[in-house]
Amino acid sequence: MGSLQLEDFAAGWIGGAASVIVGHPLDTVKTRLQAGVGYGNTLSCIRMVYRRESVFGFFKGMSFPLASIAVYNSVVFGVFSNTQRFLSQHRCGEPKASPPRTLSDLLLASMVAGVVSVGLGGPVDLIKIRLQMQTQPFRDGGEHRVTVFPGPHLCM
């Protein structure tokens, strides 16, 4: 039936990390705007975050998504491509050859990857949003930090 192909997992890992590094600042602005905590528009939100938290405010909470989204994309890429490969080889019964892939192989592999994606993505997004909504700068000296969450459904 062929072995597990690790290249797809590596490609997902690299793609996931790159997407977080590039997209996290805008995702932070989007999350803050959606929470509706006093930002008028996008430009106002960008200015306010920069004034209150410096450039680091846009990258607040990025460490968790950087690690988790890379793993998440790695798993989704790997599950999709290995499921598609398994279905093609199982249908054709040729483990060594590269059998043609059909639309049904693509559809079923996409469905399997989608189920895995939903199972992993929900908890990852919840934690990422909680980290992005930390609006107060970190304080030294044992002081407590006030954290604002967008609603009671996200509070622990």
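I started with the buried residues of α2 and found Cys45, Met48, Val49 and Glu53. They cover an arc of only 100 degrees around the axis, so they sit on the same side of α2. For the arc I took the directions from the helix axis to the C-beta atoms. Buried here means under 20% relative accessible area, exposed over 50% and partly exposed in between, with a 1.4 Å probe and protein chains only.

A note on provenance: this is a predicted model, where local features need pLDDT of at least 70, side-chain atom pairs count only at pLDDT 80 or more, and totals for chains, interfaces and linings use all residues. Residues are numbered from 1 along each chain as its sequence is written, and side-chain values use heavy atoms, leaving out hydrogens and water.

Next I asked what the buried residues of α2 pack against, and it is α1 (7-35). Contact means heavy atoms within 4.5 Å. On the face turned away from the buried side I found the exposed residues Tyr50 and Arg51.

Then I looked at the ends of α2. Asn41 caps the N-terminal end, with a side-chain oxygen 3.2 Å from the backbone nitrogen of Leu43. Just after α2, Ser54 takes a positive phi of about 65 degrees.

Last, I visited Ser117, which is in helix α4 (residues 103-132). Ser117 counts as buried because its relative accessibility is 17%. Leaving aside residues up to four places away in sequence, Ser117 touches Tyr72 and Val76.

Definitions and conventions:
Helix = DSSP H or I, 4+ residues; strand = E, 2+ residues; numbered from the N terminus. Polar contact = N/O pair within 3.5 Å; in protein donor to acceptor, adjacent residues only side chain to side chain.
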